[in-house]
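Welcome, and please take a moment to look at the model before reading on. A short tour follows it.

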Amino acid sequence: MNGRRARRRDLSDTGTADELSATTTVTTSTTPTDIQMLQTAASLEALAVSAYQRALALPAIGGASADTVVRDFFGSTLQHHEQHLEAFNATVTGIGGKPQRSPDPALAAVVAEAVIGLASPASVVALALAIEQVLSETYVSNTSALSDADAKKLCASVMGVEAQHAAVLLAFQAVSSADPTGIDRGTPDGLPATVTSAGFPTAFYPTDKARPAGEGATS
Amino acid sequence: VSRGRAREAMAISERQLTAMTADLEQVNHDVAVPAMAEAIEEWTDGARFGRRGFLLTAGVIAGGATLAACLPAKPAVLSGAQARVRHPEKPNGDLAVASLAASLENLAAATYGDVLDAIAAGKLGTVPPTIASFATTVKAQHSMHAEAWNSAITGAGFSSVTTPDPVLAPVMAFDFAKATDVKSASAIALMLEDTAAATYQSAIATLQAPSSIRVAASIQPVEMQHAAILNFIIGRNPVPHAFNPLSSARPLSDVAKR
C-alpha cells in the first residue's frame, strides 16, 4: 500500500470504510451471471436497509430532537433502499433467478459490529457513507458487465442515486457546525469555501470498493 | 440530541476539510483517472483497428493534458488491412454518443464559466465563497469529462468536439441572461446536470462496447452528485428520486449535423 492510499484510509471516523474494503473476497474462476450480479445487488440493498433501520432507531438520528435535515435524509434514503431491494429482486425473478433478501454475507458481520458501536451522528454518517460508497461503486462496475437489458437499465438508474446519497453524507461530514440548508436561508457566510465541493471528490467515479459480482448470490 | 450537539459531534475544522479534499483529489488522480484512461484506451483500440469500422488517422492520439498523460503512445503506422478500412464521414455508433456527450460537457463547462464571470461582475448579488468554490470545481470536472469523451473521438481519427450542444446552448443562454441571484443561476446549472446524467444513463442502454459503457457509467454518478449539491443550494430535497428518470435525456439528433 502506498502513502496515498494510506492517507485515504484515515478519512473514516470509524474505520468501517476500511473494513468494508478490506473484507476478504472469494473470487471464482467463472464469469458471474446477470442473476448473480442482481442477487448481489439485492444483498447489498438488504444490508443498507438493515443499517438505516438501526440508525433511525437511534435518538441522535431518528429521534424527535435529532437534526431534522439528517433525520429526513436518513428516512428518505431508507425508503430508496427498500425500493431498490424490491426492484433488484423483481428483475432477478424476471430472468429466472431467486430473490435475495439476506444481507451480503461478507459484509453483514462487519456492519453488524459497527452498528453496535454507533454512538454519535458522526459515526452513523461515516458508516452510512461507507455503505453507499460500496453500493454505488459495485453498481458502476456491474453496469458494463450485465447483459440483460432490463438489468442494465435498472443498475444504471440506481448507481447515481447511491452516489447522491454519498454526496449528501460527504456534505454532512464537511459542514461541521454549519448547516447545508443555511445556504437557502441566506446564512452561508460561515461555511468553509470547500463545503459544497466535498460532495463530489472525484471527476470519474471510482470502482475500487466494488464488491465481487457474485458475492451475494444465493447458493 | 439537540441540533447543536449533533453539529458538534460532526465537527471538522476547515483545515481538516481542506486536507480531506486534497486527499480525495489524490484518490481521483490515483484511482479514478487511470481507470478512465484504461477504458478510453480500450475503446479507441477497438475503434482504431476496425472492430467498428473506423480508421485511425496517422499520428492522431488522445487530446487534453490530464488524460493524455495517462495514455500510452500508440504506433501511428497502420497495416494494409487496417488502412483499407473505410473511414466514415462523421462519428457513428458509440462515437456518436461520445460526440453528444462532449457537446453537453462543453456546454456545462461554459455555463459554469459564465456563472463565475457573473459572480465576479456582481450580477448575482452577494455570493458566498462556497458557491464560487463549487462552480470552479464543477467547471474543472466537466472539462475533464469533455476531455475524456474527446479522447475517444480523436483516438478514432475524428476531430474533437469543441462546441456546446447546439440545441441546448441558446436555451441556456436565454435563461442565464435572466438569472439575478445564486438560486436562479443554480436552477439553470441543475437542469444541465440532470440533462447530462439522464443522457448518459440512457446511452448506457444503447452503447455497444463495454469500455464505452464504463466511461458513461463513471461520469453519470458524478453529474448526479453535482445535482444533489445544487438541490441543497436551491433548498430542495438533494436526492429526489429512488430511480433516476430519463425524461431530460438529449437525443443524438442534437449533434447530427455537426
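Here is a briefing on the two chains, grouped by topic.

This is a predicted model, so please read what follows as a description of that prediction. Chain A has 219 residues and chain B has 258.

- In chain A, 59% of the residues count as buried, while in chain B the share is 52%.
- Of the contacts in chain A with a separation of 6 or more, 79% are between residues 24 or more positions apart.
- For chain B, among contacts between residues at least 6 apart in sequence, 80% join residues at least 24 apart.

**The largest nonpolar core**

- The largest nonpolar core holds 120 residues, and the members touching the most others are A:Phe74, A:Tyr139, A:Leu169, A:Phe172 and B:Trp149.
- Helix H8 of chain A, residues 149-175, supplies the largest share of this core, with 14 residues.
- Away from its sequence neighbours within four places, A:Tyr139 is in contact with A:Ala41, A:Leu44, A:Glu45, A:Phe88, A:Cys155, A:Val158, A:Met159 and A:Glu162.

**A helix pair in chain A: H3 and H7**

- Helix H3 of chain A spans residues 34-56, and it packs against H7(A) at an angle of about 165°, with the axes 11 Å apart.
- Angles over 145 degrees count as roughly antiparallel, and H3(A) and H7(A) are therefore roughly antiparallel to each other.
- Their crossing is left-handed.
- From H3(A), the contact draws on A:Met37, A:Ala41, A:Leu44, A:Glu45, A:Ala48, A:Ala51, A:Tyr52 and A:Ala55.
- From H7(A), the partners are A:Val124, A:Ala128, A:Ile131, A:Glu132, A:Val134, A:Leu135, A:Thr138, A:Tyr139 and A:Asn142.
- Sorted by class, the contact of H3(A) with H7(A) has 13 nonpolar, two polar and two charged residues.

**A helix pair in chain B: H7 and H8**

- In chain B, helix H7 (residues 168-177) and helix H8 (residues 182-204) pack at an angle of about 160°, and their axes are 10 Å apart.
- That angle makes H7(B) roughly antiparallel to H8(B).
- The crossing of H7(B) and H8(B) is right-handed.
- H7(B) contributes B:Leu168, B:Met172, B:Asp175 and B:Phe176 to the contact, and H8(B) contributes B:Ala185, B:Ile188, B:Met191, B:Leu192 and B:Thr195.
- By class, the contact between H7(B) and H8(B) has seven nonpolar, one polar and one charged residues.

- A:Ala119 sits in the loop between helix H6 (108-116) and helix H7 (121-143) of chain A.
- A:Ala119 counts as exposed because its relative accessibility is 72%.
- A:Ala119 and A:Pro59 are 60 residues apart along the chain, and their C-alpha atoms are separated by 10.0 Å.
- A:Glu113 belongs to helix H6 of chain A, and its relative accessibility of 60% makes A:Glu113 count as exposed.
- Between A:Glu113 and A:Asp34 there are 31 Å in space, C-alpha to C-alpha, for a separation of 79 residues in sequence.
- A:Ser144 lies in the loop between H7 and H8 of chain A, and with a relative accessible area of 13% A:Ser144 is buried.
- A:Ser144 and A:Cys155 are eleven residues apart in sequence and 9.7 Å apart in space, C-alpha to C-alpha.
- Not counting residues up to four places away in sequence, A:Ser144 touches B:Pro210, B:Ile213 and B:Arg214 of the other chain.

- B:Leu252 is found in the segment after helix H9 (210-234) of chain B.
- With 41% relative accessibility, B:Leu252 counts as partly exposed.
- Setting aside neighbours within four places in sequence, B:Leu252 is in contact with B:Ala96, B:Val97 and B:Leu100.
- B:Leu252 and B:Ile204 are 48 residues apart in sequence, and 13 Å separates them in space, C-alpha to C-alpha.

Note on methods:
Residues numbered from 1 in each chain as written. Chains lettered and ligands numbered in written order. Predicted model: local features only at pLDDT ≥ 70, side-chain atom pairs only at ≥ 80, totals over all residues. Heavy atoms only, no water. Core = buried A, V, L, I, M, F, W, Y, C linked by side-chain atoms within 4.5 Å. Buried < 20%, exposed > 50% of the residue type's maximum accessible area, 1.4 Å probe, protein only. Helix = DSSP H or I, 4+ residues; strand = E, 2+ residues; numbered from the N terminus. Contact = heavy atoms within 4.5 Å. Axes fitted to C-alpha atoms, helices over the stretch in contact; angles between N-to-C directions. Parallel < 35°, antiparallel > 145°, perpendicular 65-115°, else oblique. Left-handed = near helix turned anticlockwise from the far one by under 90°. Nonpolar A, V, L, I, M, F, W, Y, C, P; charged D, E, K, R; others polar.
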